There are 2 protein chains.
Amino acid sequence: MKIIRDVHEMQRTALALREKAIPVGVAPTMGYFHDGHLSLMRRAKHENDICVVTLFVNPTQFGKNEDLSKYPRNEARDSAMAESVGADILFMPPPEAMYPAGYQTFVDVEEVSLPMCGESRPGHFRGVATVVTKLFMLTQPRRAYFGLKDYQQCQVIRRMTGDLNIPVDLVFCPIVREPDGLAMSSRNVYLTKEERRAATVLSRALENARRFVEQGQRHAEKIRDFVKMQILAEPLAVIDYVEAVDAQSLQPIGQIAHPMLVAVAVRFGKTRLIDNIVIEI
Amino acid sequence: MKIIRDVHEMQRTALALREKAIPVGVAPTMGYFHDGHLSLMRRAKHENDICVVTLFVNPTQFGKNEDLSKYPRNEARDSAMAESVGADILFMPPPEAMYPAGYQTFVDVEEVSLPMCGESRPGHFRGVATVVTKLFMLTQPRRAYFGLKDYQQCQVIRRMTGDLNIPVDLVFCPIVREPDGLAMSSRNVYLTKEERRAATVLSRALENARRFVEQGQRHAEKIRDFVKMQILAEPLAVIDYVEAVDAQSLQPIGQIAHPMLVAVAVRFGKTRLIDNIVIEI
């Protein structure tokens, strides 16, 4: 596995591959890998000749009071993990190469960025859309792999890629969970033992929502309230949002007609976790 | 010359060329060609194996009260002209293919979009940056050719392309002028005979500014006022702006140190014309 830090070297390498029609699959990440990341890398490797993993803790997607400076990092461990699943290139650009002095261009995706995490984290998806555009330009992938835990992020990237005609096939991969159901997240390391135990309420509540629908419930608001009540019953949980919306547009719905997304963002102590489930009917 | 209207066909064609390492030069235009456009096409053809001309009157760069619906069009004449200078592909997508229902992604370039035309035409450069990004993705050029009459546009595109790491070499081409000095523009056809005569004041005033600097003048404000007074002396001219700024950042300057841009936007009747000169010292 080759480690590339220089943006120009990365782009030269990627363009040379494209000009030889060698398909590249990219897994864009912020590092501190867990099995969720590895599932993206394995699939990128399996479906393409070359697997590029990008590791960049993107400052423009963090708010002022968020955890940019504390975000967990471990380059040596991440390198070994990426190599172990067959990554060919690990691209780790320094922030000042991605956003040099005078940087001033941003990609804005409008409607789909507004609700949920867009409301809790103003500017977050602007940073995401911008850095993903840049990473696509630098790595020239035929396919790109993202995890569905960041469900709204996937929808923002889907709109952005389609709207801007970026020639990349997007592959959204299932959430990978711990044995007790907690969605894997680099931020899980922030949790105290008590918070870690309490956080299992999220996946339990979402799984119960699925059963609620299977039993015939069709009112989005009732499903949302059902999830909310379960989370409220956990004393360590502080709800940021609980939503039941159209899974594509992320707009509010009354009765379920299309696939429905139930998405939650909940704080446990200083740690904000997200999780979601798509319920087909 | 092949005419392509379908965005997918254009992108498939362009990606096939890229995967064979065949260099493409693109000249993005809004049509109604004059010698300025042709100079871009000739150079694109000369410096690349394939010359793609895009013709798209981009709705997102027009304000509500601007001339989108009246913008001059003549596909048959434009096709013949593009073919006559060796264009290989003329790409003319319909607006609804470029901005389908639900479209919601925009590229924003901040500082450099703010002054001058950015002030007179809010949202204009957002539309420009967005459509140029899309056209770059659809035509996959190695080089792209733009005319320096739209000087601020060139700077916006330069920032955008660099900031987003789009792998395109930008080539900015000199303004092409009528024998009496008027900068060529598709909008010149709007002018009445009287306005057409009056409009020559712009290039005369800019040429005089250059002489003023050659004679030793170094105060940007004095140079700007000198240009302004000459235009004010023309009764049919209504000034939108006259600026003398740093040619790269477009920020105000006191004494000239680096190359200076003198740029004007002036209305003659209902027609808004722009012109500029870069003065090196």
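In what order do the 6 strands of the open sheet in chain B stand? Keep in mind, as you look, that this model is predicted. Reading across the sheet, the order is 1-4-3-2-6-7, and the pairing is parallel. Strand 1 (2-4) and strand 7 (169-173) of chain B stand at the edges with a single partner strand each, so one side of each has no neighbour in the sheet. On average, neighbouring strands here are turned by 25° against each other, if direction is ignored.

Let's step inside the sheet. Strand 2 (residues 24-29) and strand 6 (residues 143-147) of chain B run parallel and are joined by 2 bridges. To find this pairing on your screen, look for B:G25, whose bridge partner in strand 6 is B:R143.

Now for the helices of chain B. Helix 7 (residues 151-163) packs on the sheet and touches strand 6 and strand 7, with its direction at about 170° to that of strand 7. Helix 2 (residues 35-47) lies across strand 2, strand 3 (50-55), strand 6 and strand 7, and runs at about 170° to strand 2.

Finally, let's see where chain B meets chain A. Each chain brings 27 residues to the contact. On the side of chain B, helix 1 (7-19), strand 5 (105-109), helix 6 (124-139) and helix 7 each supply at least two residues. By class, that side holds 14 nonpolar, 5 polar and 8 charged residues.

Key. Residues numbered from 1 in each chain as written. Chains lettered and ligands numbered in written order. Predicted model: local features only at pLDDT ≥ 70, side-chain atom pairs only at ≥ 80, totals over all residues. Pairing = 2+ DSSP bridges. Helix = DSSP H or I, 4+ residues; strand = E, 2+ residues; numbered from the N terminus. Axes fitted to C-alpha atoms, helices over the stretch in contact; angles between N-to-C directions. Contact = placed C-beta atoms within 7 Å. Nonpolar A, V, L, I, M, F, W, Y, C, P; charged D, E, K, R; others polar.
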